[in-house]
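Hello,

Here is the structure I promised to pass on to you. Please have it open while you read the rest of this email.

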Amino acid sequence: MAPLAVAAGSFGAAFGVLAQAAGMGVLAPIVMSATTFGGAAQFAAASVLDEGGSVVAAVAAAVLLNARYGAIGIAVAPAFQGSWLRRLVESQLIVDESWAVAQIGQGRIDRRVLVGAGLVLFPFWVGGTTLGVLFGDVLGDPERFGLDAAFPALFLALLATQLVNRRTVIAAAAGGLIAFVLIPVAPPGVPVIAASAVCLVGLMRR
Amino acid sequence: MVVLLVGAFTIAFRAAGPVLLGGQELPQRLASAFELLAPAVLAALVVTQSFAEDGKLVVDEKLVGVGVAVVAVRLRAPLIAVMVLAAVSTALVRWAF
């Protein structure tokens, strides 16, 4: 979790810097980190605004990017128990990283790992954003330290643990290929959502 | 405005599954389909995080880091080592060129 927390904090700071430059003020970026809690979606919204895009375009880009949490939420639903309020609060800790590290095989997750990872990531992400908004100029660019390569590396390492049989290898290959082909032609976010549709093929056979 | 709307949508996306279906077992066929969600989405995340930037295909220094990560994963390096090696190798390439 330590490198993950450092990476999350650094990119939270980078988001704060970008949001500041996009004219989002001081409070809005911090509130966004606390409520949206999704790096890619926040970067997308801030950069659309930075380029002079409309509010509708910014919201659409970010919402598309986070729509995958709908599918992930359904997949992890069996692990979430207790009152609906508790499930509501805990569900907000579902991010790519916490979901990925909580995998225990066969599509199941350990809810305690997911919640624990989310609780570690959250303060680093929001705290990083706050630092970025307030002291953006002092902090270096996280890309200088190669931190942008740490995320694909994380997902790659977790993907390797998922490739347990032919079905999962085929699903991964298909998901990766669909995403790659769609990157240049579809808006950001769509490649990952389209890739998640691969699992529906699993409905047909067996 | 943007912050409020995006926040509301995201909270709803995340909450829908656990709040509406929490604690119930998914039907067998659906559960076996969702076994494929993790490999498909993780592979898509690897690809988009490696190549996508603002809706364009971009090839840059971080591919070196991702390549190093592939080797590290093959050698069964621990998760932390994979991430650190990817970041350090990418940083070195950026620093050197």
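This is a predicted model: local features need pLDDT of at least 70, side-chain atom pairs count only at pLDDT 80 or more; totals for chains, interfaces and linings use all residues.

Residues are numbered from 1 along each chain as its sequence is written, and chains are lettered from A and ligands numbered from 1 in the order in which they are written.

Let's start with helix α4 of chain B, residues 62-74. (Helices are DSSP runs of H or I with at least four residues, strands are runs of E with at least two, and both are numbered from the N terminus.) Which residues of α4(B) are buried? They are K62(B), G65(B), V66(B), V68(B), A69(B), A72(B) and V73(B). They lie on the same side of α4(B) because they cover an arc of only 160° around the axis, taken from the directions from the helix axis to the C-beta atoms. On the other side, V71(B) and R74(B) are exposed. Buried means 20 or more other C-beta atoms within 10 Å of the residue's own, exposed means 12 or fewer, and partly exposed is in between, with C-beta atoms placed from the backbone. Just after α4(B), R76(B) has a positive phi of about 60°.

Now the interface: 67 residues of chain B are in contact with 86 residues of chain A, where contact means C-beta atoms, placed from the backbone, within 7 Å. On the chain B side, α1(B) gives the largest share, 16 residues.

Happy exploring!

Conventions: The expected span of a helix is 1.5 Å times one less than its number of residues. Two residues are in contact if their C-beta atoms, placed from the backbone, lie within 7 Å.
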